[in-house]
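Trainee: I would like to learn how to read the features of a protein model, one at a time. Could we go through them together, with the general idea before each case?

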Amino acid sequence: MISNAIARRYAKALVQLGAEEGAVDRFGAELGQFAALLEGNADIDSVLKSPAYRIEAKREILKDVLAKLSLSGTVSNFLQVLLDRGRISFLPQIAHSYAAFADELSGVIRPVLTSAFPLEDAQVESMKGALVKATGKKVQLSVQVEPSLIGGVITKIGDKVFDGSVRTQLNRIQDILQKG
């Protein structure tokens, strides 16, 4: 819980800087690029996170990596601050929170639509249109298939779930019948 609060604080600060510079999307891409590099390279990741290495050595490694990636000065400085404050291990959470804040700032929602069967493009567009109308925001819909639903759809927007699946309806009927 505390680590999530820390990640959110750093992400919010970077989003605010990005908004001031008009580079929210670019900063998000650069942050994601660096996070992916750490995830894909265990050696660099472990050195930057390990207390066994001196901060000066970590700074040199980070400086070399940043030079090769040619990230913007703001993101490079941000990553340096994370390293100096011992927060580099929070980078995946910071990147996730950053994406959420950036979406909020640009009026984008990313709902997940889960269906029992593959949907046709027209059906997906219809659902997307309904979500745009209901929320008044830009919608980037991702569609999943889960045969255990039997029928219907489940739409998840953030932490809200709208469940119109046959499986849930059958479970409700079963509960009603058992309670008599």
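Trainee: Which residues have the most contacts inside the largest nonpolar core?

Mentor: The general idea is that, in soluble globular proteins, nonpolar side chains tend to be buried together. In this structure, which is a predicted model, the largest nonpolar core has 33 residues, and those with the most contacts inside it are L31, F34, L79, I94 and Y98. The elements that give two or more residues to this core are α1 (2-21), α2 (24-40), α3, α4 (55-69), α5 (73-84) and α6 (91-106). There is also a second, separate core of seven residues, which includes V124, V139, L141 and I157.

Trainee: Leaving aside neighbours within four places in sequence, which residues is L31 in contact with?

Mentor: Once those neighbours are set aside, L31 is in contact with L14, F78, L79, L91, I94, A95 and Y98.

Trainee: How should I read an aromatic pair, and how many does the structure hold?

Mentor: A pair of aromatic rings is described by the distance of the centres and the angle of the planes. The structure holds one such pair, formed by Y10 and F78, with 6.3 Å from centre to centre and 70° between the planes, an arrangement called edge-to-face. Because Y10 lies in helix α1 and F78 in helix α5, the pair ties together parts that are 68 residues apart in sequence.

Trainee: Is Y10 buried or exposed, and what about F78?

Mentor: Buried means a relative accessible area under 20%. Y10 has 12% relative accessibility, so Y10 counts as buried, and F78 is buried as well, with a relative accessible area of 9%.

Trainee: Where is V47 found, and which residues does V47 touch, not counting those up to four places away in sequence?

Mentor: V47 is found in helix α3, which covers residues 42-49, and V47 counts as buried because its relative accessibility is 14%. Apart from residues up to four places away in sequence, V47 touches Y53, K58 and I61.

Trainee: How do I read a helix by its length, taking α7 as the case?

Mentor: An α-helix has 3.6 residues a turn, so residues three or four places apart point the same way. Helix α7 (residues 121-135) has 15 residues and reaches 21 Å from its first C-alpha to its last, which is close to the 21 Å expected at 1.5 Å a residue. Just after α7 comes G136, which takes a positive phi of about 70°.

Trainee: How many bridges join β5 to β6?

Mentor: Four bridges join strand β5 (residues 153-157) to strand β6 (residues 160-163), and the two run antiparallel. Within this pairing, I154 stands opposite D163, and T155 has F162 as its bridge partner. The two strands form a hairpin with two residues between them, where G158 in the turn has a positive phi of about 65°.

Note on methods
Residues are numbered from 1 along each chain as its sequence is written. This is a predicted model: local features need pLDDT of at least 70, side-chain atom pairs count only at pLDDT 80 or more; totals for chains, interfaces and linings use all residues. Side-chain values use heavy atoms; hydrogens and water are left out. Buried means under 20% relative accessible area, exposed over 50%, partly exposed in between (1.4 Å probe, protein chains only). Contact means heavy atoms within 4.5 Å. The expected span of a helix is 1.5 Å times one less than its number of residues. Two strands pair if DSSP finds at least two bridges between them. A nonpolar core is a set of buried Ala, Val, Leu, Ile, Met, Phe, Trp, Tyr and Cys residues joined through side-chain atoms within 4.5 Å. Rings of Phe, Tyr and Trp (its six-membered ring) pair if their centres lie within 6.5 Å; planes under 30 degrees apart count as stacked, over 60 as edge-to-face and the rest as tilted.
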